[in-house]
Amino acid sequence: METFDYVIIGAGSAGSVLASRLGEDLGIRICVLEAGPSDWHPYIHLPAGFIKTFHMRSINWAYQQEVGPWTGGRSIYAPRGKTLGGSSSINGHIYNRGQRQDFDTWAQMGNRGWGYPDVLPYFRRMERRIGEGEDTYRSRQGPLTVTTMDWKDPLCEAFMEGAVSLGIPKNPDYNGAIQEGVSYCQRTIEGGLRMSAAKAFLHPARKRGNVDVRTHAHVTNIIFEGKRAVGVRYLKGGRGGTPVEVRATKEVILSGGAYNSPQVLQLSGVGSPDLLQSLGIEVRHALPGVGEGLQDHYAPRSVARVKNIRTINELRRGLSLWVEALKWATTRRGLLSLSPTMVYCFWHSGETAESSDLQLTFTPASYKEGVQGQLEDEPGMTVASWQQRPESRGYVRARSSDPFEPPIIQTNYLVEEVDRRVVVAGMKLARRLLASEPLKPYYAYEDFPGPKVQSDDEFLAAATERGTTTFHPGCTCRMGPASSPWAVVDDQLRVHGLQGLRVIDASIMPRMISANLNASTLMIADKASDLIRGKTAPEAVKLAGYA
Ligand SMILES: Cc1cc2nc3c(=O)[nH]c(=O)nc-3n(C[C@H](O)[C@H](O)[C@H](O)COP(=O)(O)OP(=O)(O)OC[C@H]3O[C@@H](n4cnc5c(N)ncnc54)[C@H](O)[C@@H]3O)c2cc1C
């Protein structure tokens, strides 16, 4: 059996950073196991390729969620990256860290070293910010390039003016001192190409020679000796492939993402004894929190029909598309360098909220059935709105002992009353934004939810009819003290009650943050790399308001 110091399961956002950081010591040998193929496909790298990779089963787990109590009888699609870079290779490129309160809450939940001043140095250490930002918050030297949307569209400009007319200020850097306000979005894009975690971290790390990346390696389970994780079993080539075992002398690191990490633990006999026994899986270690607590952002997309100007819906067809393709080939700019959302707006649903609880995005385009996979034919513009820190929680549970069967994903969107209230407030604000004075020259009429929708109940009904995921699942292997019945890992990200095993990815978030999850997942992995190596953490940033 081959032996490495570390075996990392999953070459996604977190796995890529870990391979890079742990591999800085050339004496260390690392094996990275990735179920998907290499990230060669051009649509991964072309920013507008998002719309294609969204459904591309060769590089996407393409999960379906269970019907929820508030999803109008619908099963919501849940794409996840299955290639080098993981979801960062198919995501919408947005770089958004979240508010300081998010991380302070993690610390208040009993997780030492995870408050905002502690995590800020890791956000800074990773990035190479090109664009606005104060040095206290931003860095210009890291491996991950973060740029600002450079396509100035009259509809985007009018939308931002509309926000200002409603009292929402422009904010030059929502990843700086405060998040609230409106601005063009910041993106992990450089030179018109996607900056995935594989590109920023994994591929450079491979060149050092001590990181062995194996694609088409579907992990079926973790191998234990007593309570110690000693290796990993995978099928080379996927279903029906050759079984292979690799050993880890130091640690096994599970970075399979918020849906797959809990499933791999459960398949390995770690989880709720009731669940495992019902599936005929021998209980190796009882840990009821595994898979429980799933959170995600739920967003209805409000759409207005547009007049007097062309939207992306028309630009991506016929001759216009050829012109845009030529533009991209020669300048790396234009339509094909765009992200699915272009303007970001953070605001609060009520005047008493202590920090913004609403996130809204604007795009001069519209999607069939409100889902980002397919553009509509007639001109349209969209505002998606969601509650930043939902209270509703669901779960991820293995469906059977078959590692190739998709897990049961029940997010339980909107089951908490406060979530329903804030989502309705978000849709009302979206309506006001779309109908604002500066957008008037282009605004034809509201298509969804439509003028008939007026009362809170009607807005809520519309939300349940058309709301969808924003692709931010987390919190399924939550970090917390051993005394918390829901906790799966401690604040060093070691699995409670086991040795030689950590979970490091979006699943360890104890509570949903007010952001898209890629930036913070990268931060988690970077911080974890110091925890694993016993390195002293960079000095916490001194900020006003912190002792
Ligand atoms: C369509 C989409 C759009 C998004 N848009 C944005 C955005 O614009 N901005 C943003 O910040 N976030 C966005 N996100 C979310 C963000 O990309 C993810 O939260 C983040 O990448 C999660 O990182 P991770 O390391 O937890 O998991 P992933 O990056 O998903 O990595 C997990 C890896 O593990 C592999 N794996 C899983 N199971 C196994 C197994 N059994 N054996 C071997 N390998 C396995 C997977 O194939 C994958 O490569 C989006 C996500 C999606 C899907």
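Predicted model: local features only at pLDDT ≥ 70, side-chain atom pairs only at ≥ 80, totals over all residues.
**Notebook: salt bridges**

I started with D150, which is partly exposed at a relative accessible area of 34% (partly exposed lies between buried, under 20% relative accessible area, and exposed, over 50%, with a 1.4 Å probe and protein chains only). Residues are numbered from 1 along each chain as its sequence is written, and side-chain values use heavy atoms, with hydrogens and water left out.

Next I looked up the partner of D150: R333 makes a salt bridge with D150, with the closest N and O atoms 3.6 Å apart (a salt bridge is a side-chain nitrogen of Lys or Arg within 4 Å of a carboxyl oxygen of Asp or Glu). R333 is partly exposed too, at 43% relative accessibility.

Then I checked D491, which pairs with R112 in a salt bridge at 2.7 Å, N to O. Buried or exposed, D491? D491 is buried, at 5%, while R112 is exposed at 64%.

D530 lies in helix α14 (residues 518–533) and R125 in helix α5, 405 residues apart (helices are DSSP runs of H or I, at least four residues, numbered from the N terminus). D530 is buried at 3%, and R125 is partly exposed at 27%.

Finally, I noted that salt bridges with shared partners join R21, E24, R125, D526, D530 and R533 into one network. The count I wrote down is 32 salt bridges.

Note on methods. Helix = DSSP H or I, 4+ residues; strand = E, 2+ residues; numbered from the N terminus.
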